[in-house]
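Hi everyone, thanks for making time this morning. I'd like to walk you through a structure, so please have a look at the screen.

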Amino acid sequence: MLSLIKLPRVFTINQVPKVFHEDSIISGYRHPRSSATDCILSLFQLTNETLNIWTHFLPTWYFLWKLVMVVLIQRAWQDSFTWPLLIFLFSCCIYPLTSSCAHTFSTMSARARHICFFFDYGALSFYSLGSAIVYSAYVFPDKWMNSLFHQYYIPIAVLNTVICTALACYSRCAENCFLLIHKYMRVVAFAYPYLFDNIPLFYRVFFCVGEGCTDMNTNILHYYHITLALLTGFLFATHLPERLAPGSFDYIGHSHQLFHVCGILATHFQMEAVEQDMMIRRSWLREHSLPITFASSLGAALFCVVQNLIIIILFSLPLLSATIEYDNVTK
């Protein structure tokens with residue numbers, strides 16, 4: 001039966017418009033006017049996007065399983081203390097699923113490509129806010145609990161999420177592609193919220209000494225997460241190893257695939273560390289930390305989702321109404 005299915009043809013970089021080009025990737029491109037069926041069939045053939053898709057699609061189900069376990073076992077909806085974990089796990093499901101869908105359907109047209117990655121950027125920003133919410137609830141060092149920074153941490157994280165989604169989407173506009181400015185804008189859009197969200201964690205594991213520090217076995221898991229997250233950012237920014245040998249890593253081993261794998265592993269260790277912090281510190285946090293409210297957890301997450309959707313719609317409408325293809329933007 002499978003032998004009767006004709007898989008889509010793949011192309012070289014010179015056979016597809018510039019908007020579909022990837023740095024130092026020479027072959028394995030799908031048709032720039034692929035149908036939805038062709039996009040789905042391409043999941044089962046080797047292209048330069050195949051592993052990008054599967055490295056995020058498969059982990060989505062693992063994160064979904066973790067989310068379901070929290071809902072069923074810990075009765076998350078009945079205990080506000082678990083709401084931040086619930087939001088974080090939900091964001092962990094959304095960002096790889098959205099990414100895999102974006103990579104799958106991004107070759108339907110140039111405009112579809114931009115819109116697919118608008119959603120990808122929005123999901124990443126939502127994951128950033130999910131991290132901030134769960135850090136505020138369970139990870140903050142003891143001596144920073146109830147501080148002025150702690151009180152304004154979530155509102156600033158929400159603002160960062162909205163700004164960085166807009167900046168990442170704006171970076172795809174053709175007018176901003178000169179001198180790789182669009183690439184630098186995108187790096188900033190992802191790096192800044194990560195660095196802000198992790199200020200309390202960096203202080204806790206690298207700088208805090210003496211009384212009021214949270215020195216526990218979970219810190220080693222946070223080290224793993226931080227190391228893999230920094231490696232993820234390095235791979236995204238440098239396009240190594242394919243930049244050293246263009247064409248040699250088109251199908252297997254290029255930086256975006258490694259970026260996905262390291263990002264998922266970082267999220268896994270982050271999840272393990274957060275869950276341990278939550279369980280070990282539960283009694284102390286209930287007594288000393290800021291109360292977890294709807295506004296600081298579910299409300300902030302819902303606000304972020306609505307604002308990100310508005311931003312995506314605002315950036316998508318000109319593309320949907322335009323009569324020309326945007327061929328100057330690269331992902």
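Predicted model: local features only at pLDDT ≥ 70, side-chain atom pairs only at ≥ 80, totals over all residues.

Let's start with the charged pairs. How many salt bridges does a search of the whole structure find? The search gives 7, and I've picked out a few of them.

Take E272 and K66, which form a salt bridge with their closest N and O atoms 3.4 Å apart. This pair ties together distant parts of the chain: E272 sits in helix α9, residues 255-280, while K66 belongs to helix α2, residues 50-73, and 206 residues separate them. Is K66 buried or exposed? K66 is buried, because its relative accessible area is 12%, and the cut-off for buried is under 20%. E272, on the other hand, has 24% relative accessibility, so E272 counts as partly exposed.

Staying with helix α9, we come to D277. The side chain of D277 meets that of R204 in a salt bridge, at 2.9 Å from N to O.

My last pair is D79 with R282, where the closest N and O atoms are 3.6 Å apart. D79 lies in the loop between α2 and α3, and R282 is in helix α10, residues 282-288, so here the link spans 203 residues of a chain whose distant parts are brought together.

Which residues make the nonpolar patch of about 540 Å²? They are F119, V305, L309, I313, L317 and L320. Helix α11, residues 298-321, gives the most to this patch, with 5 residues. L309 is found in that helix, and with 40% relative accessibility L309 counts as partly exposed.

To finish, let's go to H225, which lies in helix α8, residues 219-238. H225 is buried, because its relative accessible area is 2%. What does H225 touch, leaving aside residues up to four places away in sequence? Its contacts are Y135, Y194, N198, L201, A266, F269 and Q270.

That's my tour, and I'm happy to go back to any of these spots with you.

Definitions and conventions
Residues numbered from 1 in each chain as written. Heavy atoms only, no water. Salt bridge = Lys/Arg side-chain N within 4 Å of Asp/Glu carboxyl O. Helix = DSSP H or I, 4+ residues; strand = E, 2+ residues; numbered from the N terminus. Buried < 20%, exposed > 50% of the residue type's maximum accessible area, 1.4 Å probe, protein only. Patch = residues over 30% accessible without salt bridge, like charges linked within 9 Å, V, L, I, M, F, W, Y side chains within 5 Å. Areas by Shrake-Rupley, 256 points an atom, 1.4 Å probe, with all protein chains shown as cover. Contact = heavy atoms within 4.5 Å.
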